[in-house]
Amino acid sequence: MSTVKNYLSLIKFSHTIFAMPFAMIGFFLAVFSMNYATTVIPGWHTAVYPDGFWREIIIKFALVIACMVFARSAAMAFNRYLDRRWDALNPRTAIREIPKGIITPKNALAFTIACCLLFVACTFFINRICFYLSPVALAVVLGYSYTKRFTPLCHLVLGVGLSLAPIGAWLAVTGYFHWLPLLFSFAVVFWVSGFDIIYAMQDVDFDTSQQLYSIPAAVGREKALRISELLHLLSAACVVAAGKFGGFGPLYWVGVLVFIGMLVYQHSIVKPNDLRRVNLAFMTANGIASVVFAVFVIADLFCH
């Protein structure tokens, strides 16, 4: 049991709360956008679905969740494996599992490979397009770990990695691309990039000393916060655009207000010279933003 706990800590399993709700948005958006019903009973507004429909949806739902867990676990374990030397030098990260010797680098790499293989296997059972695109998805989520070595835009690459959640879940159900889930994906890109910049403000001095790249290290904390605000403004614009062009109802807009409210809140509690509440902004505010927003979006879909 302690081994499982150590690996869950290695991959920060609790951070799944960021992308998973958006995967659920993409999934249910796809389910409700497709005309699966064979008949609709007049007066009752009751849809009759073909035999085995709900069984197939439940199986795909489970596979989508598995894909999310395996892809993210592979990405986090690989990040810890590659960054083990810097993690050991940074007082903030020296307590992590690999620097402390709780998990060996060899085992972390083996865990990464196992998660990658399980991710690909799950996509095989979903549909062809997800299977064919699985190496691309892995390249993005694993490749992020290298970017801090050569570009301050590493935060955007992280955002792109997590943004695969809504469009990937949509593809799992429909098998084709559409602009609406892409709007949610862009919302995730800007949202994640923005809060990752805030989180990286803690390591400005260390990153500079080790010649690692980040936006706070490149432009300073104050300008980095302004960039984060701009990215979060773009994220808010994306969820508003998705609501307008997707024809959502009142519940969706309640979710939008909560999501934007949490973006504003985290910028109100983090200052360039006061980083005491970075973790509150990072985990609590963004966790509430993603989960509550997803609940209201999905509820709106069910009520339409």
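In which helix is the place of Thr174? In this predicted model, Thr174 has its place in helix α7. With a relative accessibility of 14%, Thr174 counts as buried, because the cut-off for a buried residue is under 20%. The side chain of Thr174 also reaches the backbone oxygen of Tyr176, at a distance of 3.1 Å.

The buried residues of α5 are Ala108, Thr112, Cys115, Cys116, Phe119, Cys122, Thr123 and Ile126. These residues cover an arc of only 130° around the axis, and they therefore lie on the same side of α5. An α-helix has 3.6 residues a turn, so residues three or four places apart point the same way. The buried residues of α5 are covered by elements that include α1 (2–10), α3 (53–82), α6 (128–147) and α7 (154–174). On the other side of α5, by contrast, Lys106, Leu117, Phe124 and Phe125 are exposed. Phe124, which lies in helix α5, has a relative accessible area of 51%, and it counts as exposed because the cut-off for that class is over 50%. The C-alpha atom of Phe124 is separated by 44 Å from that of Ile269, a residue 145 places away along the chain.

The unreviewed entry lists "transmembrane region" for residues 16–37, 57–75, 108–126, 154–173, 179–201, 251–268 and 280–299. Over one of these stretches, residues 179–201, the chain is 96% helix and 0% strand, and the end C-alpha atoms are 34 Å apart. Over residues 251–268, the chain is 100% helix and 0% strand, with end C-alpha atoms 26 Å apart.

The largest nonpolar core contains 94 residues, of which Phe184, Trp191, Tyr252 and Phe293 touch the most other members. The largest share of this core, amounting to 15 residues, comes from α3. When neighbours within four places in sequence are left aside, the contacts of Tyr252 are Phe184, Val239, Ala242, Gly243, Phe293, Phe296, Val297 and Asp300.

Lys148 lies in the loop between α6 and α7, and it counts as buried because its relative accessibility is 16%, where the cut-off is under 20%. The side chain of Lys148 makes a polar contact, at 2.8 Å, with the side chain of Asp83. Asp83 is also among the residues that Lys148 touches, together with Asn79, Cys154, Leu212 and Tyr213, when residues up to four places away in sequence are not counted.

Arg221, in turn, has its place in helix α11, which covers residues 221–246. The relative accessible area of Arg221 is 26%, and this residue is therefore classed as partly exposed. Although Arg221 and Met201 are 20 residues apart along the chain, their C-alpha atoms are separated by 6.2 Å. Met201 is one of the residues that Arg221 touches, the others being Val204, Asp205, Pro216, Pro272 and Leu275, again without counting residues up to four places away in sequence.

Terms used:
Residues are numbered from 1 along each chain as its sequence is written. This is a predicted model: local features need pLDDT of at least 70, side-chain atom pairs count only at pLDDT 80 or more; totals for chains, interfaces and linings use all residues. Side-chain values use heavy atoms; hydrogens and water are left out. Buried means under 20% relative accessible area, exposed over 50%, partly exposed in between (1.4 Å probe, protein chains only). Helices (H or I, at least four residues) and strands (E, at least two) are DSSP runs, numbered from the N terminus. The arc is that of the directions from the helix axis to the C-beta atoms. Contact means heavy atoms within 4.5 Å. UniProt positions are given in the numbering used here, feature names are shortened, and annotations may be inferred rather than shown by experiment. A polar contact is a pair of N or O atoms within 3.5 Å; within protein, one must be able to donate a hydrogen and the other to accept it, and residues adjacent in sequence count only if both atoms are side-chain atoms. A nonpolar core is a set of buried Ala, Val, Leu, Ile, Met, Phe, Trp, Tyr and Cys residues joined through side-chain atoms within 4.5 Å.
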